[in-house]
Amino acid sequence: MNVPTLNEIVQRVERKELLNWAKRYGYSPRGLSRTAFAEMMRKELVGPEKVKKIWDGLTRGERCLVEAFLYASEGRTSNPIQTARSLLAAQAKPGQLHDEMKAAFDSLTRRGILIELIGAPGYRYVVPRDLLTELRPLIEENRWALVGPPVETAPTQIVELGDAFLHDVVALLALARTQTARLTRDTSLHIHDLKRLQGLLDQSVLPPDPYDSRPMAPLLQYVSALLRFALSSGLIANRDGVLVCEDEAATAWLSRRRAQLRRDALVWAANGGFIRPILRGVQEFFAHDSRPVWWSRAAVALYIARRPETSKDNSYNDFTTDLLLSWMVRIGLLRAGDGDENGRFEFVSLTSSGAELLLGHERAATHGGKLLVLPSFEVHCPENAPLSLHWQLLSVADRTSRGPVMTYRLSKSTVFRGLKVGESVDHVLKLFAENLERPLPPNVALTLREWAGDYGLLYFMRATLLMCRDEATAASVLHDQRIRPYLAATLGPTLLVVKEGAESKVRKLLELRGLQPEVAIRSLPRDEHGTIVEPLARRESIELADPDDDAQTSTGEEKCRVVDCPRKRVARALCMRHYQAARRGRLQAET
């Protein structure tokens, strides 16, 4: 504990304050040295009989404040005052809490138990370590006296998140699977992808960051935790700065029971962001009284601070406990109540899932409800439905609201998004048929099939074009029985299409015929403006009309003769582009 002793305090305090203390205890200030005054103070405050007398004379608020300074100070003044205030909040009436805390603070200061250090770094008010050490046995005699009784009635404002963290992990997996999610150099989510993910997350309770006052700080911290959990669990992978969903690992993770997923999330939080003794302290605290009652957050924090393994290495602080309790709320083990102006909750209570995981209580098996699809293309899915069902819905629909019943919306773009990653309309209709509470509206089934029919009307093909200098060479290649199986089509008298992956074989067969193609693969030539001037057929096979010919039409369309070209419209368009490029060059030359 980083708290100075009585002698250290006396040596550092200002002379004026030292004289005031001397008068308070009836000592003469004349000829009083600091060492002598420190010894007199020890005789007045320290000792079994003195400490017992002091303890018996303390009020409930003063005892809470002394205990908070003993277990929650770490050299800082704000922690114990906030802890004591929270401890008394469960029993205080409106307007009473501030007066009781002020009276306790003034009384301890007046009696010399709480000492003010002007200009001290890190803290201003302290209880001397000598006195705290003597008070510890009295506090430990009744470990549950000062944390206050549990609140039998629930707070007025209750946050019931359920499995918010698990649903947020599913949202992250769906984003990585159906869209391109990019990472920055510091492995945080790109701002555009963060905004897309933000609409899917439940931000009702985010652990506050007291060291970062930026409005986006809680969201950034939470998304960073989601990324670390998913990456460490092997659910997603970082491939050259792009998040990729590992489908097999994600499917296996989603098929597990929620109790196992909650346990995994809690163990990860304890190992990665928190300290093991703190997690055991939370478990022991609720095991003391497993009734469905509410405890103040400060009571849990103070109990953890009393544990020998946490106080020994001085690893406890309020912020760490708040983070752990916030995680337990997000994964459905605790429910929170009555948050303050900073977004922090004041009370916590075990849920049935928390009692099952932390205390080993049996929990009745619950089955998620059925889906409800409306003619307006809205899909209502219960929150407690299997996570795999939510995962599949996020592949083909957008989540529009969260709560006990989550709402999804189907659209043409979302269905296309699912088709891109391998989903099929038959699989979607089968998913609805197996999980629907009512029959699927006919207009929804018909529209889904229409949308799926529009997918793939156009598609790209990979191929290699083989260009011949003249028609005779092209005809000889086309009629070669060894080469013909590797050709896919002809686009003109001198342009052949080679099947994908057959380029090396065709090259060898051409060399056997005595035809040596160029080593490099050419690209379509462009002019100085970047326009492609080489048509699909060789320019020798297309005869352009003279631009000054009287036969030119009023619309500017020139005459052209296409020699044996099966795609006349394409060739005519290419003729026009070639003519326009030539005309631009002529006009530039004239000017």
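Which residues in α14 are buried? They are P277, I278, L279, G281, V282, F285 and F286, where buried means under 20% relative accessible area, exposed over 50% and partly exposed in between (1.4 Å probe, protein chains only). Welcome to this structure, which is a predicted model: local features need pLDDT of at least 70, side-chain atom pairs count only at pLDDT 80 or more, and totals for chains, interfaces and linings use all residues. Residues are numbered from 1 along each chain as its sequence is written, and side-chain values use heavy atoms, with hydrogens and water left out.

**The chain as a whole**

- The chain has 25 helices and 18 strands; helices (H or I, at least four residues) and strands (E, at least two) are DSSP runs, numbered from the N terminus.
- Of its 591 residues, 45% count as buried.
- The accessible surface comes to about 31200 Å², and 51% of that belongs to carbon and sulfur atoms; such areas come from the Shrake-Rupley method with a 1.4 Å probe, and for residues only the protein chains shown count as cover.
- Among contacts (heavy atoms within 4.5 Å) with a separation of 6 or more, 61% come from residues 24 or more positions apart.

**Helix α14**

- This helix covers residues 276-288, and its 13 residues should span 18 Å at 1.5 Å a residue; the expected span is 1.5 Å times one less than the number of residues.
- The end C-alpha atoms of α14 are 19 Å apart, which agrees.

**Helices α3 and α4**

- Two packed helices are described by the angle between their axes and the distance between the axes.
- Helix α3 (residues 34-45) packs against helix α4 (residues 48-56) at an angle of about 65°, with the axes 7 Å apart; axes are lines fitted to C-alpha atoms, for helices over the stretch in contact, and angles run from 0 to 180 degrees between N-to-C directions.
- On the α3 side, K43, E44 and L45 meet K50, V51 and I54 of α4.
- By class, this contact has 3 nonpolar, no polar and 3 charged residues; Ala, Val, Leu, Ile, Met, Phe, Trp, Tyr, Cys and Pro count as nonpolar, Asp, Glu, Lys and Arg as charged, and the others, Gly among them, as polar.
- E44 is found in α3 and counts as partly exposed because its relative accessibility is 32%.
- The C-alpha atoms of E44 and G112 are separated by 9.8 Å, although these residues are 68 residues apart along the chain.

- Strands of a sheet pair through backbone hydrogen bonds, either parallel or antiparallel. Here, two strands pair if DSSP finds at least two bridges between them.
- In a regular strand the side chains alternate between the two faces of the sheet.
- Strand β6 (residues 242-245) has a covered face with L243 and C245, and an uncovered one with V242 and V244.
- Strand β4 (residues 181-182) pairs with β6 in the antiparallel sense over 2 bridges, and A181 stands opposite L243.
- Strand β5 (residues 236-239) also pairs with β6 in the antiparallel sense, over 4 bridges; R239 has V242 as its bridge partner.

- D193 lies in helix α10 (residues 191-198) and counts as buried because its relative accessibility is 1%.
- Not counting residues up to four places away in sequence, D193 touches L175, T180, A181 and R182.
- Q221 lies in helix α11 (residues 217-232) and is partly exposed, at 42% relative accessibility.
- Q221 and S188 are 33 residues apart along the chain, and 9.9 Å separates their C-alpha atoms.

**Two open sheets**

- β15 and strand β16 (residues 495-498) run antiparallel and are joined by 4 bridges, with G492 opposite L495.
- Another open sheet has 4 strands in the order β10-β11-β13-β12, again with antiparallel pairing.
- Its edges are β10 (372-373) and β12 (397-401), each with a single partner strand, so one side of each lacks a neighbour in the sheet.
- β12 pairs with strand β13 (residues 405-410) in the antiparallel sense over 4 bridges, and the bridge partner of S401 in β13 is T407.
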